[in-house]
There are 2 protein chains.
Amino acid sequence: MNSVNETTRDRRRIETQERILAEARRLFAEAGYDRTTIRAIAAAAQVDPGLVMHYYGNKQQLFARAAETKSQAVLDGTADEIAEQLLDRLRQSLIEEPVASLAVLRSMLTHPDAADEVRENAQLRGSTFSKVIPGDDGELRVDVVSAVLIGVVLGRHLLKLDHLADADPDKIIELLRPAVESLTRAE
Amino acid sequence: MNSVNETTRDRRRIETQERILAEARRLFAEAGYDRTTIRAIAAAAQVDPGLVMHYYGNKQQLFARAAETKSQAVLDGTADEIAEQLLDRLRQSLIEEPVASLAVLRSMLTHPDAADEVRENAQLRGSTFSKVIPGDDGELRVDVVSAVLIGVVLGRHLLKLDHLADADPDKIIELLRPAVESLTRAE
DNA sequence: CCAGATATTCAACATCTGTAGAATGAATTC
DNA sequence: GAATTCATTCTACAGATGTTGAATATCTGG
């Protein structure tokens, strides 16, 4: 009954909830929102489908939880510094497979909620960004850079274009550096 | 009974078949493979669902037909000429909405057939391309360029990133020219 | 105008889906 | 150790989906 003392039951429940969420993330990333069924998630978590509903309400909410991603620090600095920060983030996304992000990316073309989140993310990325970039086309540049970066992550992890999927992340970054810099610098 | 003389019945049937195919294309592009139902296609074409099956066999085959795209000429020339051809094609994809291509793009993250077609397309794009590009990383460069271009078309037509969706195609092309050139030229 | 061909619709199926509520079983508290 | 709380499972429903085969309506050729 104590809120500080955690009983075995609590621990087990939390463990189960987390297992469900982890499997949901994994499956959403693998197959996207529509093709991932509550029943499949339940089976993967070795649990009854009803329990999934009980803990997460419904499929949309479960997806929202599974798609949660640690909010990134806002970009800052000169145009060149911003470019470098973008490339750093991209490198991270190329090295590991950011499961939650992949769930969103995989679903963005068919699930409106996922598309919204991608758009928000791109917009957020541009909040300070577009002010730093000289010229009157800052906002367009932000969108273009976002689209480019999305394309690359997509091509590597989801589409798995042969050479892009196998390549050394640093090699890819080096290839993209001039491209990103040309987009963050006004002509 | 003559094969050269086209009867009214023939004309009507062909008209119906084409109407079905056109609506299928439109809906697949709008909602993707999974979310587009045979019933919805039939309704849009003002026809019975059974007729759709009768003419196109099953959903996969219908998608395959709807996703058919006029095969593009193979790229050729120097690295810079290839870059220019790529930018030209991109401009076309930005100006009009290539419905069949959008159907494939919209579905590529959840429908294996669509993903295959995108990969093949990227691969084909690279057949001559990677030989012209100097350096030993030609194939990787092809994949990266493909990913970038996919990202931009996606961002404009499907994701509809605000400023990217509204911008003048030529403006976008000019922003991307240095990026594409830096990728087609060896450093 | 009639018989046959054929374009199109009707009716039905088996399956899968998200979801709800009752039932069960195990841990906790007193 | 009995009563109670609560994590979990069982059972079921209602709607949607791809697909099928029989039935119908329309056109064609003689």
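Two residues are in contact, for this talk, when they have heavy atoms within 4.5 Å of each other. What you see above is a predicted model.

Next, the two chains. How is chain B superposed on chain A? A rotation of 180° does it, with 0.0 Å of shift along the axis and an RMSD of 0.1 Å. That is how a two-fold axis relates two copies. The same surface serves both of them, since 100% of the contact residues of chain B recur in chain A.

Now a charged residue. A:Arg106 is in helix α6 of chain A, residues 99-107. Is A:Arg106 buried or exposed? A:Arg106 is buried, yet it has no salt bridge. The nearest side chain of opposite charge belongs to A:Glu30, and that is 7.8 Å away. A salt bridge would need a nitrogen and a carboxyl oxygen within 4 Å.

What the side chain of A:Arg106 does have is backbone oxygens. One of its polar atoms lies 3.0 Å from the backbone oxygen of B:Leu109. The backbone oxygen of A:Glu30 lies 3.5 Å from a polar atom of that side chain. Setting aside residues up to four places away in sequence, A:Arg106 touches A:Phe28, A:Ala29, A:Glu30, A:Ala31, A:Gly32 and A:Leu158, and across in chain B it touches B:Leu109 and B:Thr110.

Turn to helix α6 in chain B. How many of its nine residues are buried? Seven are, so the helix is mostly covered. Among the buried ones are B:Leu102, B:Val104, B:Leu105 and B:Arg106. The cover includes α1 (8-35), α4 (59-66), α7 (112-132) and α8 (138-158) of chain B.

Last residue. B:Ile82 sits in helix α5 of chain B, residues 79-95. Why does B:Ile82 count as buried? Because its relative accessibility is 1%, and the cut-off is under 20%. Beyond four places in sequence, B:Ile82 contacts B:Leu75, B:Asp76, B:Gly77, B:Phe129 and B:Val132. B:Ile82 and B:Ile173 are 91 residues apart in sequence, and their C-alpha atoms are 15 Å apart in space.

That is the tour.

Note on methods
Residues are numbered from 1 along each chain as its sequence is written. Chains are lettered from A and ligands numbered from 1 in the order in which they are written. This is a predicted model: local features need pLDDT of at least 70, side-chain atom pairs count only at pLDDT 80 or more; totals for chains, interfaces and linings use all residues. Side-chain values use heavy atoms; hydrogens and water are left out. Copies are superposed by least squares on the C-alpha atoms of residues with pLDDT of at least 70 in both. Helices (H or I, at least four residues) and strands (E, at least two) are DSSP runs, numbered from the N terminus. Buried means under 20% relative accessible area, exposed over 50%, partly exposed in between (1.4 Å probe, protein chains only). Lys and Arg count as positive and Asp and Glu as negative; His and the chain ends are not counted. A polar contact is a pair of N or O atoms within 3.5 Å; within protein, one must be able to donate a hydrogen and the other to accept it, and residues adjacent in sequence count only if both atoms are side-chain atoms.
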